[in-house]
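Me: I would like to learn how to read a few features of this structure, one at a time. Please give me the general idea before each case.

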Amino acid sequence: QLVESGGGLVQAGASLRLSCIGSGRTSNMRAIGWFRQAPGKEREFVGGIGVGTSYADSAKGRFTISRDNSENMVYLQMNSLKPEDTAVYYCAARRSGFRISRSEGDYEYWGQGTQVTVSS
């Protein structure tokens, strides 16, 4: 019900835009969070959009989240990518409410993830 796309292999300093499209129960998405999981690490909050936007410190100034409600799309624009941004990126949706949570347990719906690899 959530599908991410847009990942790939890029060099450091490049940009990527990830997309997340909702369908079915997530057609009217409330708060959406982007998370990522690097090899051997726990999944971490990257940013979210609901009532406004919120970003992890690692994403501030480089990443921007936007949404197109008419298309049930949410985007994660990533600029100035660094090797440490390499991870599988997931979008997640809350069943109700527009409060952005940094806790993955607050999101009921998850996409399958898209791989982002940044080479140095």
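Me: In which strand is Phe 35 found?

Reply: Before the case itself, note that this is a predicted model, in which local features need pLDDT of at least 70 and side-chain atom pairs count only at pLDDT 80 or more, whereas totals for chains, interfaces and linings use all residues. Residues are numbered from 1 along each chain as its sequence is written, and side-chain values use heavy atoms, with hydrogens and water left out. Helices (H or I, at least four residues) and strands (E, at least two) are DSSP runs, numbered from the N terminus. Phe 35 is found in strand E4, which covers residues 32–37.

Me: Is Phe 35 buried or exposed?

Reply: Buried means under 20% relative accessible area and exposed over 50%, with partly exposed in between (1.4 Å probe, protein chains only). Phe 35 has a relative accessible area of 1%, and therefore counts as buried.

Me: How should I read strand E3, and which strands does E3 join?

Reply: Two strands pair if DSSP finds at least two bridges between them. E1 (residues 2–5) and E3 run antiparallel and are joined by four bridges; here Glu 4 has Cys 20 in E3 as its bridge partner. E3 and E8 also run antiparallel, with six bridges between them, and Leu 16 stands opposite Met 78 in E8. Because five of the seven residues of E3 (residues 16–22) are buried, this strand is largely enclosed by the rest of the structure.

Me: What does Ser 19 touch, not counting residues up to four places away in sequence?

Reply: Contact means heavy atoms within 4.5 Å. Ser 19, which lies in strand E3, touches Val 3, Glu 4, Ser 5, Trp 34, Met 73, Val 74 and Tyr 75 when residues up to four places away in sequence are not counted. Ser 19 has a relative accessibility of 11%, so this serine counts as buried.

Me: Which residues have a positive phi although they are not glycines, and where do they lie?

Reply: Most residues other than glycine have a negative phi. Asn 72, which is not a glycine, has a positive phi of about 55 degrees, and Asn 72 lies in the loop between strand E7 (63–68) and strand E8 (73–78). Ser 80, again not a glycine, has a positive phi of about 50 degrees, and Ser 80 lies in the loop between E8 and strand E9 (87–93). With a relative accessible area of 42%, Ser 80 is partly exposed.
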